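Please look over the sequence and the structure below. The paragraphs that follow go through selected local features in turn.

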Amino acid sequence: MHRRGIRHLTFQGGEPLLHPAIELVISDARSAGMRVGLITNGWLLPQHVEPMANAGLGLLFVSIDSHSMDEHERNRGLPGLGARIREGLAGARRLGITTLASVAVNRLVDFERLPSLLLDLGFEGVNFSYPRRNEGSSPLAFGVENPLTDYSDAELVAVFEAIKAMKRRVPVVNPWAGVEEMERRVRGEDERFFCVGGYKYFCLDWNLDIWRCEAWPEPLGSVFDLDHIPDQRDPCRACMISCYRDGSVLMHAGIVMDDAATALANVKAGGAISRLFRRTFYISLAADAEQLWLIARLRRRPSRPSFPPLVPGSVKRRSPACIILVPDERGLVPVFGIPAVRRLVILARRANLAPLRLLGRVDLVRDVLGDLLCSDAFVQAGDGSDLGEGVRELGLAPGTKVVVIKANQVIDQTLADLVTGTLEQGPSRCIAEDKGAGDGLLYLSDVDELGPLLSALWLDGSAPPPVLSNAEPMRGSCGLPCTVDERGAKACERRLFASLASRVKSDDSFLSRHVNRHISRFVSKRIVHTPLTANHITLINGAIGLAGGFFLSLGGYWQGLIGALLFLLCVIMDGADGEVARLKLQESSFGQSLDYAVDNVVHVAVFAGIAIGLYRGTHNGLYLLALLLLLAGFGLCALVVYRHILKRTPDELKRSPLAIRLMATLLTNRDFAYLVLAFAVIGRLNWFLWATALGTYLFAAVLWLAAISDRSSSSHPA
Ligand code: SF4
């Protein structure tokens with residue numbers, strides 16, 4: 001599915017939480033690079049919400065049938081459902097999952113009173129399913145015979161007006177233009193948007209057959225043939241299924257731009273480009289703008305998958321659980337400004353250790369973890385004498401593999417991932433130790449062995465119990481794991497930094513690896529102890545780059561030299577935000593996007609600065625022409641790169657011809673900042689400007705030809 005370009009997958013039922021391996025399926029989809037949503041009635045939500053969050057769930061819909069919870073429970077036949085939904089939603093929001101009510105339009109709903117119930121339950125927004133009139137199926141949204149959904153045309157128009165009015169009180173996912181499209185349909189007026197079912201939106205059933213939509217009479221084929229199933233682009237407006245029809249309104253602008261980009265990249269003009277100037281394009285753009293709140297919420301989920309991809313036959317596999325033992329307050333010692341125990345919780349989450357529980361004197365650390373864990377993650381076990389009771393309270397199933405770690409120990413992401421991988425595939429017992437401190441991380445294979453191990457760990461200096469005598473040793477890099485104590489965390493911080501420095505990014509260029517990184521790490525080491533966040537550093541760096549562009553635009557030798565030096569400083573320091581983010585555990589997809597955007601704004605400012613500076617110094621209009629050429633070249637490159645690099649998955653890119661891979665590497669390479677400085681030193685920035693202006697066209701042409709030759713060789717296999 002990912003190969004075909006599918007980036008969002010929503011599980012629906014029946015009741016998907018009845019699936020015995022729902023977390024693994026979510027994790028598998030997430031690992032394949034898709035964002036995952038799920039629609040549930042909420043009955044089993046409290047016990048599933050944390051594992052699903054760890055598995056990578058980003059979007060949660062809970063079905064609501066009425067503005068009255070009593071009515072909803074009666075309609076569902078589930079007394080007590082409201083309390084479970086409330087508890088599950090609280091957990092979901094704490095874990096960063098976006099929560100939406102899924103309301104099928106029906107006569108149990110009073111649209112005036114619905115927002116209060118939704119906001120009180122803790123929903124962030126609501127999505128409406130429109131009543132369906134022409135499909136024979138049993139769910140609430142279907143059926144002309146169902147008295148709850150048997151609306152006259154006039155009543156339906158009133159419902160659509162009520163949905164639009166509700167947008168003032170609660171975020172509604174159905175875009176205004178989508179609701180109006182359905183109103184036009186009901187009134188018998190022309191609809192504006194064709195459905196994307198079978199092109200950008202599919203239905204996958206329990207036989208793994210892929211359908212154009214739920215209402216289509218026959219499947220398109222098996223999902224395993226999705227690569228070869230042609231796009232269904234014949235116009236269809238046969239139904240009112242909201243997810244398809246509203247989705248079509250939202251996706252229209254993107255599809256028009258994609259078609260136009262393809263036409264331009266293939267040197268074709270005509271229909272695809274003219275659609276950019278039609279009214280529907282702008283209505284769709286407005287609908288997208290209306291939904292920016294939802295897009296922003298969906299992007300806040302970490303992109304790390306929780307589990308490795310699902311292996312056939314392994315659906316019963318469980319992720320290792322994690323117990324963080326809290327015998328004293330040493331877990332509060334800050335490491336790069338973050339309490340040691342908080343770092344552990346964040347890393348355990350990222351390494352998919354679930355469930356995650358704190359055991360011991362948990363009141364000591366509750367304040368610094370309250371926003372990360374729900375109350376049942378804290379198991380009080382006073383003075384260490386009642387640890388066995390605490391273990392029973394954890395309720396771990398026999399055979400569960402458990403990672404035990406003390407709250408004052410320090411690990412990094414690499415070690416956390418190594419632990420998970422080792423426990424999932426490797427020996428039944430292993431121990432990771434820091435020989436220097438004599439107080440290591442311990443891992444067990446079975447909950448039955450936990451009691452003696454925890455008791456031995458409670459007191460410092462106790463030798464590991466005999467149960468670990470045959471455990472396989474593991475070692476993290478650079479002296480990790482290590483232990484913080486009352487004297488502070490300096491030694492652990494040094495080891496974390498050394499571990500960071502030992503990792504070389506595979507896409508670092510030669511100069512970046514051998515020059516820039518040394519300087520950026522020197523700076524990172526000093527600023528990591530300040531309150532500056534990684535995003536602050538990105539913005540400061542951007543300001544330095546823009547200052548470089550400004551000096552370049554002044555014209556003159558020394559101004560050009562200062563501008564080039566500032567730009568080089570910006571490029572060198574580009575690694576510092578990532579380094580600080582990793583040390584302070586502040587990595588985020590927003591941070592990545594900000595970094596990418598700032599880099600590109602700085603590039604445009606520097607190139608424009610060079611051209612303007614040369615023009616001011618010489619009053620030669622050719623430099624302004626060079627700037628226009630350059631900007632057009634950038635635009636052309638962006639189109640070709642989007643079409644032939646960004647649309648490929650990382651795997652597809654790896655399998656691409658050398659020329660395409662080389663072009664992809666050049667895109668992230670910023671070593672040209674050294675060239676800018678060299679040309680500034682010899683007073684020949686004009687050479688650089690012309691070479692770059694023409695180089696953009698050469699780049700686009702080479703990439704385009706490589707992509708054409710790749711396409712023709714794959715369509716004519718030997
Ligand atoms: S309009 Fe309805 S029937 Fe037609 S493709 Fe879309 S969802 Fe399917």
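Leucine 208 sits in the loop that links strand 6 to strand 7. The model is a predicted one. Most residues other than glycine have a negative phi, and most peptide bonds are trans. Leucine 208 is not a glycine, yet its phi is positive, at about 65 degrees. The residue counts as exposed because 10 other C-beta atoms lie within 10 Å, and the cut-off for exposed is 12 or fewer.

Strand 6 is joined to strand 7 (residues 209-211) by two bridges. Leucine 204 has isoleucine 210, in strand 7, as its bridge partner.

The ligand has residues around it that include Cys195, Arg212, Cys213, Cys236, Arg237 and Cys239. Sorted by class, this shell holds nine nonpolar residues, one polar and two charged.

Two other places have backbone angles to note. Leucine 585, in the loop between helix 21 (574-583) and helix 22 (589-618), also has a positive phi, near 55 degrees. Leucine 585 is partly exposed, with 17 C-beta neighbours inside 10 Å. The peptide bond from glycine 13 to glycine 14 is cis, with omega near 5 degrees; glycine 14 is in the loop between strand 1 (8-11) and helix 1 (22-31).

As for confidence, the protein chain has an average pLDDT of 84, and 88% of the residues score at least 70. Residues 301-317 have a pLDDT below 50.

Methods
Residues are numbered from 1 along each chain as its sequence is written. This is a predicted model: local features need pLDDT of at least 70, side-chain atom pairs count only at pLDDT 80 or more; totals for chains, interfaces and linings use all residues. Two strands pair if DSSP finds at least two bridges between them. Helices (H or I, at least four residues) and strands (E, at least two) are DSSP runs, numbered from the N terminus. A residue is near a molecule or strand if its C-beta atom, placed from the backbone, lies within 6 Å of it. Ala, Val, Leu, Ile, Met, Phe, Trp, Tyr, Cys and Pro count as nonpolar, Asp, Glu, Lys and Arg as charged, and the others, Gly among them, as polar. pLDDT is the predictor's confidence in each residue, from 0 to 100. Two residues are in contact if their C-beta atoms, placed from the backbone, lie within 7 Å. A residue is buried if 20 or more other C-beta atoms lie within 10 Å of its own, exposed if 12 or fewer, and partly exposed in between; C-beta atoms are placed from the backbone.
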